[in-house]
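Reader: I have a new structure open and would like to learn how to read it. Could you take me through a few features?

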Amino acid sequence: MGIADMTAVELSAAVRAGQITAVQAVEEILTCIEERDALYNCYVTVDREGALAQAKEVQAKIEAGHLTGPLAGVPVAVKDNLCTKGLRTTCASRMLGNFVPTYTAEAVTNLRKAGAVILGKTNMDEFAMGSTTETSAYGVTRNPWNREHVPGGSSGGSAAAVAAGECICALGSDTGGSIRQPAAFCGTVGMKPTYGTVSRYGLIAYGSSLDQIGPLTKDVRDCAAVLEAIASHDVKDSTSLQRQDTDFMSALTEDVQGMRIGIPDDYLGEGLDEDVRAAVLKAAEELAGRGAVVERFDLSLVEYAIPAYYTIAAAEASSNLERFDGIKYGYRTGNDAGLHSMYRKSRAEGFGEEVKRRIMLGSFVLSSGYYDAYYLKALQVKALIKKAFDEAFAKYDVILGPVAPTTAPKLGESLADPLKMYLGDIYTIAVNLAGLPGISLPCGKDRKGLPIGLQLIGDCFQEKKLIRAAYTYERSRGPFGTAGGAGHGTAADERAQADAGSFRTSGEGQVSQCGMLWQGGKSGRPVSEQSTEGTDRTNRTGGIPS
Amino acid sequence: MANIISDETIAYVGVLAQLELSEEEREQARSDMSRMLAYIDKMGELDTTGVEPMSHVFPVQNVFREDVVTNEDMREQILLNAPEERDGMFVAPRTFE
């Protein structure tokens with residue numbers, strides 16, 4: 001198996017056992033990034049030197065016995081709205097094009113303490129506002145399963161990087177589904193923890209009462225490992241919670257016997273793609289077959305979640321983004337005629353269309369005369385939605401449903417109609433309003449071969465139940481395959497197995513392991529020379545006998 | 001309720017949002033916002049009489065800590081991000097003539 005195809009837990013075990021070094025692992029993934037990122041544009045910034053320096057440090061600590069955890073020596077990617085000291089952090093905005101933070105986000109610090117190596121910063125929707133990673137000022141990210149399709153968003157760069165083998169795992173942030181939805185579109189696992197579980201210190205704020213950082217990984221075990229590493233109480237974030245039960249890896253057991261699982265009728269209703277519906281129901285059957293008690297029920301108020309969400313998120317965004325004034329940091333217009341004109345011009349030129357749209361909507365719903373009718377009303381609706389979930393969790397351990405109504409849309413299809421794009425968040429958004437944890441994991445592919453995501457939602461603090469259910473389902477489902485490996489049970493997998501155990505690193509005159517697997521042949525033909533017609537990855541592995 | 005978006009309203013929102021909008025952008029903003037508000041108005045269907053607005057999911061009140069400086073002096077690094085800087089200070093455009 002190539003390093004790029006390994007999970008974090010597998011890779012770290014190999015590094016700790018001395019089979020490969022952290023430096024070799026990082027070099028290998030950096031090679032993958034060089035070979036593939038021209039195709040997908042997962043990264044805004046790659047920190048080659050920094051990553052190699054970190055890897056050397058980590059390797060020394062592993063050898064000295066100071067790093068023994070499941071992320072030691074693992075190359076990870078970080079969404080570009082998490083501050084990294086000394087490393088440019090853009091939020092995918094022109095506004096922060098040259099911003100170099102003087103401090104590091106707590107979640108990133110926690111990852112580094114666990115021995116992970118930060119490779120660079122991933123692309124996203126500008127200021128995390130969007131569901132496709134198309135509103136980035138640094139170009140769109142493409143879906144590794146099919147380059148004509150979006151990777152989802154806003155953490156699209158992180159999800160695509162995991163799917164493309166351009167990192168082993170990644171951090172994202174989720175305000176209304178921004179981890180779970182791109183995870184679903186890219187065939188990866190993504191989790192939004194209970195609000196307050198991961199410190200938001202150093203996360204550039206969008207909707208502060210909704211934002212939460214979480215993992216994007218290849219499987220549920222890695223998801224638990226990353227969450228365990230990043231969860232911490234932090235005095236620098238006043239909404240940070242003190243939790244004792246953050247040993248999430250202990251929940252990796254195959255056991256859903258007697259677990260009560262509810263499927264909201266409204267999550268299977270109008271607008272849901274047939275393939276998605278079938279895959280999600282099949283996953284529910286799978287869990288029932290493992291001893292879970294699965295029922296349909298009526299979770300009320302589903303249709304009110306989007307209006308409440310966009311009111312609250314826009315209001316908080318308009319307030320949070322007031323700080324961008326062109327004075328202390330960030331973009332300043334070249335033609336400033338005075339202080340106030342400079343503010344207005346800098347912001348008009350520095351922010352993209354979707355960001356301005358939300359700032360204006362937010363300013364409006366907070367303005368006197370409309371505050372009660374919109375903002376306050378939305379906070380009341382939020383209270384009712386939370387109550388509906390409380391009632392549901394009195395009956396069920398876990399709520400099951402789709403992540404999104406469809407699989408990944410084609411590039412360019414969503415931006416033309418913002419409202420339609422917002423409606424795609426219908427199954428993920430209520431989770432943020434109610435502060436709940438939710439996990440997304442692959443449960444099938446549609447007729448076009450695009451991944452479908454299964455969403456499991458838990459009551460506050462019930463991440464372990466989610467991990468248990470997700471892990472059980474994942475084991476029952478079997479390997480999902482990767483975007484590059486053309487699915488499980490193929491020649492690519494057989495070759496990967498034959499190669500397992502022989503770790504090679506890239507170097508002069510040597511074809512890297514990841515390159516070979518990726519290209520689907522041993523010809524050593526650079527990815528850039530391959531035809532990009534027939535963007536389905538399986539079509540490009542022409543050299544493999546099937 | 002979409003008719004509330006008058007020229008004056010859009011101009012006012014531009015002031016609140018501190019955004020300079022071109023004529024085209026103003027028109028686009030008006031149409032986008034009217035559509036969005038017409039949709040958001042759906043919340044009006046719900047009777048929320050007596051419902052306490054929920055800004056936070058958990059009953060976390062103010063969290064206090066001692067105001068102790070823990071970071072080092074980072075003035076120089078911080079000023080590196082400033083669009084304009086002089087003698088260790090941020091430079092802003094002239095405010096008064």
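Author: We will look at the interface and then at some aromatic rings. This is a predicted model, where local features need pLDDT of at least 70, side-chain atom pairs count only at pLDDT 80 or more, and totals for chains, interfaces and linings use all residues. Residues are numbered from 1 along each chain as its sequence is written, chains are lettered from A and ligands numbered from 1 in the order in which they are written, and side-chain values use heavy atoms, with hydrogens and water left out.

Reader: How much area do chain B and chain A bury between them?

Author: Interface size is often given as the accessible area lost when the parts come together. Here chain B and chain A bury about 5400 Å² (accessible area, 1.4 Å probe, lost on being put together and summed over both), with 69% of it on carbon and sulfur atoms. Of the area chain B buries against chain A, B:Met43, B:Phe58 and B:Asn81 supply 13%, more than any other three residues.

Reader: How many salt bridges are there between chain B and chain A?

Author: A salt bridge is a side-chain nitrogen of Lys or Arg within 4 Å of a carboxyl oxygen of Asp or Glu. Between these chains there are five, and A:Arg357 and B:Asp32 form a salt bridge at 2.9 Å, N to O.

Reader: And which residues form one aromatic cluster?

Author: Rings of Phe, Tyr and Trp (its six-membered ring) pair if their centres lie within 6.5 Å; planes under 30 degrees apart are stacked, over 60 edge-to-face, the rest tilted. The cluster consists of A:Phe99, A:Phe127, A:Phe324, A:Tyr329 and A:Phe351. A:Phe127 and A:Phe324 are edge-to-face, 5.1 Å centre to centre with 65 degrees between the planes.

Technical notes. Buried area is the accessible area (1.4 Å probe) that two parts lose on being put together, summed over both.
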